[in-house]
Amino acid sequence: SLTSITIPDSVTSIGIDAFYGTAYYNDENNWDNGVLYLNNYLVNAKNDIEKCVVKDGTKVIADSAFEECSSLTSVTIPDGVISIGNYAFSSCESFTEIKIPDSVISIGDVAFYECRGLTEITIPDSVTSIGDSAFDNCSNITEIKIPNSVTSIGNSAFFGCTSLIEVVIPDSV
């Protein structure tokens, strides 16, 4: 019967399906153009969503927020988002391009797994960590430039990126 939720600004990640099945989740009035927000946190998207403009003020894209949104072609992420959660865009096969804003610090584990339509990715200087298997099986990415700010690249981060022919990694990694 949970109908109201307040999350403090100190929260930097929200796990998979944390609020699934609650009255808040099931109330269609809480969904904004196919996306469910809790305060400044984007926690879930409907699987049939095709495009999304994340609302200004959003701080975190939660774990699995867009997972298996196979019709999703584009997402506009505003400045202010600091974290892209684990599995956030996993298996979004129609995705072709994403620009990660300069405010993002971390890209979670398996965040873009099997985004086979993804051909281009821009990682800003603000990112310090790229999670395990973050871009695993993104088979159409041809090049990636890792900024100097990245101090950690997870296991199998680019495994299965069969079209990847150019990788620029700075000395600081």
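Which residue lies over the face of Tyr37? It's Lys55, at 4.4 Å from the ring centre.

**View 1. Lysines sit over two aromatic rings, Tyr37 and Trp31.** Keep in mind that this is a predicted model, where local features need pLDDT of at least 70, side-chain atom pairs count only at pLDDT 80 or more, and totals for chains, interfaces and linings use all residues. Residues are numbered from 1 along each chain as its sequence is written, and side-chain values use heavy atoms, with hydrogens and water left out. Lys46 lies over the face of Trp31, at 4.4 Å from the ring centre. A charge counts as over a ring if NZ of Lys or CZ of Arg is within 6 Å of the ring centre and within 35 degrees of the ring normal.

**View 2. Phe66 and Phe89 make a stacked pair.** Rings of Phe, Tyr and Trp (its six-membered ring) pair if their centres lie within 6.5 Å; planes under 30 degrees apart are stacked, over 60 edge-to-face, and the rest tilted. That rule gives seven aromatic pairs. In this one, the centres are 4.9 Å apart with 10° between the planes. Phe66 lies in the loop between strands S5 (60–61) and S6 (74–76), and Phe89 in the loop between S7 (83–84) and S8 (97–99), so the pair ties together parts 23 residues apart in sequence. Strands here are DSSP runs (E, at least two residues), numbered from the N terminus. Phe66 is buried at 0% relative accessibility, where buried means under 20% relative accessible area (1.4 Å probe, protein chains only).

**View 3. Phe135 and Phe158 are stacked too.** Their centres are 5.4 Å apart, with 0° between the planes.

Note on methods: Helix = DSSP H or I, 4+ residues; strand = E, 2+ residues; numbered from the N terminus. Buried < 20%, exposed > 50% of the residue type's maximum accessible area, 1.4 Å probe, protein only.
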